[in-house]
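The tour begins with the chain as a whole and then turns to individual side chains.

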Amino acid sequence: DEKQQKLVNDAITRVNDLVIKTVTQIEQTTAKDLRQAVADGKVDKSELIALGTQAVNEVYNQLSNDTIEVLETQVNDVGAYIKDAVEAAVYNIKKQG
């Protein structure tokens, strides 16, 4: 029904907003310099990969149980959905330069 669809749309909008804010914050504070350090051979790429996991966890932890339940009616794996959204946001930020 329309009420349920609005709840789903609101939940997806909430996730997308949190993803953009979280990825942007991590990019501004850590990722850009860390990518350069990886390129220079100063740190292992695993540290950069860990930032993606951190972003997923931060977004997931900010969602209410109600939002997660609504998402679960439409998405089989909320964590995987958030991970994909984080990866897309990182790609877009890197593409913008």
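How many helices and how many strands make up the secondary structure of the chain? In this predicted model, the chain has 4 helices and 0 strands, and its pattern along the sequence reads α-α-α-α.

Display the C-alpha trace next. Its atoms occupy a box of roughly 55 × 25 × 20 Å along the principal axes. Of the contacts between residues at least 6 apart in sequence, 66% link residues at least 24 apart.

Now switch to a surface view. The accessible surface amounts to about 6600 Å², with 48% belonging to carbon and sulfur atoms. Of the 97 residues, 29% count as buried.

Colour the charged side chains. There are 11 positive and 16 negative ones, and the centres of the two sets lie 7 Å apart.

Select Lys6 and Asp10, whose side chains form a salt bridge at 2.9 Å, N to O. The two residues are 4 apart in helix α1 (residues 2-39), and therefore about one helical turn separates them. Lys6 is exposed at 51% relative accessible area, whereas Asp10 is partly exposed at 40%.

Move to Asp17 and Lys21, joined by a salt bridge at 3.2 Å, N to O. This pair is also 4 residues apart in helix α1, about one helical turn. Lys21 is exposed at 53%; Asp17 is partly exposed at 32%.

Finally, select Glu27 and Arg35. Their salt bridge has its closest N and O atoms 2.6 Å apart. Here Glu27 is buried, with a relative accessible area of 11%, while Arg35 is partly exposed at 24%.

Terms used. Residues numbered from 1 in each chain as written. Predicted model: local features only at pLDDT ≥ 70, side-chain atom pairs only at ≥ 80, totals over all residues. Heavy atoms only, no water. Buried < 20%, exposed > 50% of the residue type's maximum accessible area, 1.4 Å probe, protein only. Contact = heavy atoms within 4.5 Å. Areas by Shrake-Rupley, 256 points an atom, 1.4 Å probe, with all protein chains shown as cover. Lys, Arg positive; Asp, Glu negative; His and termini not counted. Charge placed at Lys NZ, Arg CZ, Asp CG, Glu CD. Salt bridge = Lys/Arg side-chain N within 4 Å of Asp/Glu carboxyl O.
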